[in-house]
Amino acid sequence: MLHRFTTGEAPDGRLAEIRALVECAFDGHFDAYDWEHALGGDHVVDVVEGVVVAHGSVVRRRLRVADCWYEAGYVEAVATDPSYQGRGHGTRVMSAITELVHAGCELGSLSTGSPGFYRRLGWESWTGPSYVLDGDVARRTTAEDAGILVLRTAASSTLDHTAPITCEARPGDDW
């Protein structure tokens, strides 16, 4: 069963349960910064017999495409318990997140090493160059180019996928 809540509304113990899930699913490649990035927005969890088996969150970030800034729903910490993978739990979570982005954001975005999972749900690979804005300096992030995906909403339906896309710097991974 899907449940949605903000970080501040999380039931007692739920955030600790989610953190343990994503750390397990990412097999040790999920650090304190990654966890921090997943907080402060909306969480969607799929619960089976009282246990969280899949999670994703969407937080607000400003992204610049060419010279236009968008209030984006940025997807973080999408994970499914390895023993539940391949059963649709992650798809259900991401479908709910996609609805959240469409309902309340100008643009959706995420960075992933598994773009095929998201593309089948309507997310599109970004083909333009990526940057991070560190103060007033835009620094190229070529290593991120292949993993950035966007979800167009009514406010961003005419985006040019070949234009530069820029996020603001943050501790840990910028994208």
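Helix α1 is followed by Asp-27, and the phi of Asp-27 is positive, near 50°. This is a predicted model: local features need pLDDT of at least 70, side-chain atom pairs count only at pLDDT 80 or more, and totals for chains, interfaces and linings use all residues. Residues are numbered from 1 along each chain as its sequence is written, and side-chain values use heavy atoms, leaving out hydrogens and water.

Helices are DSSP runs of H or I with at least four residues, strands are runs of E with at least two, and both are numbered from the N terminus. Helix α1 takes in twelve residues, 14–25. The expected span is 1.5 Å times one less than the number of residues. For α1 that gives 16 Å, and its end C-alpha atoms are 16 Å apart, so the two agree.

Which residues of α1 are buried? They are Arg-14, Ile-18, Leu-21 and Val-22. They cover an arc of only 90° around the axis, so they sit on the same side of α1. That arc is taken from the directions from the helix axis to the C-beta atoms. Buried means under 20% relative accessible area, exposed over 50%, and partly exposed in between (1.4 Å probe, protein chains only). The cover over these residues includes β1 (2–6), α2 (32–37), β2 (42–48), β3 (51–65) and β4 (68–80). Contact here means heavy atoms within 4.5 Å.

Now the cysteines. A disulfide is a pair of cysteine sulfur atoms within 2.5 Å. By this rule the count is zero. Cys-105 is in no disulfide; its nearest cysteine sulfur, in Cys-68, is 15 Å away. Cys-105 is buried because its relative accessible area is 8%. The sulfur of Cys-167 lies 16 Å from the closest cysteine sulfur, in Cys-105, which is too far for a bond. Cys-167 has 0% relative accessibility, so Cys-167 counts as buried.
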